[in-house]
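Please look through the model below before reading the numbered points.

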Amino acid sequence: MATTIEEIQNFKGKYPKQLWYLFFSEMWERFSFYGMRGMLTVFMVSQLAMNETTANLQYGATQAWVYAFTFIGGLFADKILGLRRSLFWGGLLMIVGSIILSIDPKNFFFLGISFTIVGTGFFKPNISSMVGQLYKDGDVRRDAGFSLFYAGVNLGALIGGYICIAVANGNLWSSLVPENLRWNYAFGFASIVMIISLLTFTQTQKSLGEIGLSPLAHLENSKRKIFEIATYIGSLAIIPVIILMVANTVYTDYFMMIIGPASILYLFYEMKNFSRSENMKLLAALVFIIFSIFFWAFFEQSGGSLSLFAANNLNNTVLGVELDPNGVNNSANSLFVIAFAALVGMVWLWMAKKKIEPNTVVKFGLGFLFLAGGFWIFYYTKFFADASGKTSLDLFTFGWFIITFGELCLSPIGMSAMTKLSPQKTQAVIMGMWFLASAYGQYFAGLLGAGIAEASEKASNLEKLNTYADGYQQLGLYALIAGVALIIISPLVRKLMQDVK
């Protein structure tokens, strides 16, 4: 007999068992995603002979499309496929994309990436929505659940983020992987773990009861099939368009000018169906969404400019242990999230018991202050450089340590707030907009990184280090201003949130 939604939501203890199944499926998918992400900029510069400015713009465009597609994927999941079918289809496309890249990354780079972009769009927002549905409205355990789920995301990102780029750079398993196939193997790992992710999901989905089933169950079978098949064909047909958009970043510029305003207009259109109270909550969600754009624009330097900074300007030891600097840049943040996510979650629970927990808006503001601190530490690496322009990987890693607390104040709580602030009917749309904000963050990250890279063109390695470090000082200042602004407007946003904690 199928599990009912009541049985799932009336779980005993801290976490529902379904959360663990979703945790592992998401963990392997994130291995694949962050493994790929960590390789992109370095691959474009070292293998496709792009200059650093172009590579930053390409990186920003690629990542922007990944997250923009989560908005579209969320929409189709809500209206046609249901969360589960959508997730399965996305996983298949990601596997195809990674296999293409593992066969011939140089010649089929944009084709492989485009499959991955569309696949991630169908996979990513829907698994988060399923986590939200494991809890009743107002269940205080929801934040802890999202924090655990988030640790799964980071476990995947830690392993994938380090292994893929370290293999590609020849700093890991170099005796096992032939030198001319390093990049092929690195992309190949991403496809293998994606297959594991999909198998994990298909083997455990029975336990989810009716969560994530087709929204068109009321239609007769043949009619429903037509809608579903049209969605599959449409998502394959758009791949050539994505190839064009990602390869020519100017098209991405046009797209970004349209999609954000269009999604906000769509939300306002949906809002006419809701009560005043629900609409106030949706406006509060919009404030979080807009501020998160700024957060990710700075944070996501990790895959762009910080990737090149790691490749050119960092030594290769942390506390005396020899490590791949790019691998550290890709995975240090995830390691710290795993180490401290539960602790930060426990601190929030303890503060809630004492009735002194800061509200979600203030937590967001704190996120920016930590972000500012981390970027100032990246700036300070310039004072530890040698004549060849190499500086301390230890100090750089410490910068990620500080930034991680910023992320822990913002990201898991942000996801949870989106599910609490949006009515059930628009949940996937709001989740999609949350990821669309990340798309804008990624897009602006590419522009910011390109600006820093452009300033350092034709410079010596030491001059390049100074230019990059000064750029990070600037970003630190902007993050500080955003954090202070958020804390100042927090009482106003709290009013909009009403009973949502």
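Which residue forms a salt bridge with glutamate 270, and how far apart are the closest N and O atoms?

1. The partner of glutamate 270 is lysine 79, with the closest N and O atoms 3.9 Å apart. A salt bridge here is a side-chain nitrogen of Lys or Arg within 4 Å of a carboxyl oxygen of Asp or Glu. The pair links distant parts of the chain, 191 residues apart: glutamate 270 is in helix H9 (residues 249–271) and lysine 79 in helix H3. Helices (H or I, at least four residues) are DSSP runs, numbered from the N terminus. Glutamate 270 is buried at 11% relative accessible area, while lysine 79 is partly exposed at 38%. Buried means under 20% relative accessible area, exposed over 50%, and partly exposed in between (1.4 Å probe, protein chains only).

2. A word on the source. This is a predicted model, in which local features need pLDDT of at least 70 and side-chain atom pairs count only at pLDDT 80 or more, while totals for chains, interfaces and linings use all residues. Residues are numbered from 1 along each chain as its sequence is written, and side-chain values use heavy atoms, with hydrogens and water left out.

3. The count of salt bridges comes to 12. Side chains of opposite charge can pair when their charged atoms come close. Another is lysine 363 with glutamate 357, at 2.5 Å between the closest N and O atoms. Here lysine 363 is buried at 2%, whereas glutamate 357 is partly exposed at 30%. Arg85, Arg224 and Glu228 form a network of salt bridges.

4. The largest nonpolar core holds 157 residues, and Leu22, Phe368, Leu371, Trp400 and Tyr472 have the most contacts inside it. Such a core is a set of buried Ala, Val, Leu, Ile, Met, Phe, Trp, Tyr and Cys residues joined through side-chain atoms within 4.5 Å. Helix H3 (residues 52–103) gives the most to this core, namely 20 residues.

5. Which residues does tryptophan 400 contact, neighbours within four places in sequence aside? They are Phe299, Ser302, Leu306, Asn329, Ala332, Asn333, Phe336 and Phe378. Contact means heavy atoms within 4.5 Å.

6. Isoleucine 127 is in helix H4 (residues 109–133) and is buried at 0% relative accessibility. Not counting residues up to four places away in sequence, isoleucine 127 touches Leu22, Ser25, Glu26, Leu87 and Phe149.

7. The whole structure has 3 cavities of 30 Å³ or more. A cavity is a set of points, on a 1 Å grid over the protein atoms alone, where a 1.4 Å probe fits but cannot get out; lining residues have an atom within 4 Å of a point. Grid points are joined across faces, edges and corners, and a volume is the space filled by probe spheres set on the points.

8. The largest cavity has about 310 Å³ of space. Its lining has 25 residues, with Tyr34, Tyr67, Tyr150, Trp296 and Glu407 nearest the centre. Among the elements giving two or more residues to this lining are helix H2 (17–46) and helix H14 (393–421).

9. The second largest cavity has a volume of about 70 Å³. Residues lining the second largest cavity include Phe33, Arg37, Gln63 and Ile117. H2 gives the largest share of that lining, 4 residues.

Key. On a 1 Å grid over the protein atoms alone, a cavity is a set of points where a 1.4 Å probe fits but cannot get out, and a pocket is an open set with protein on both sides within 12 Å along at least five of seven lines; lining residues have an atom within 4 Å of a point.
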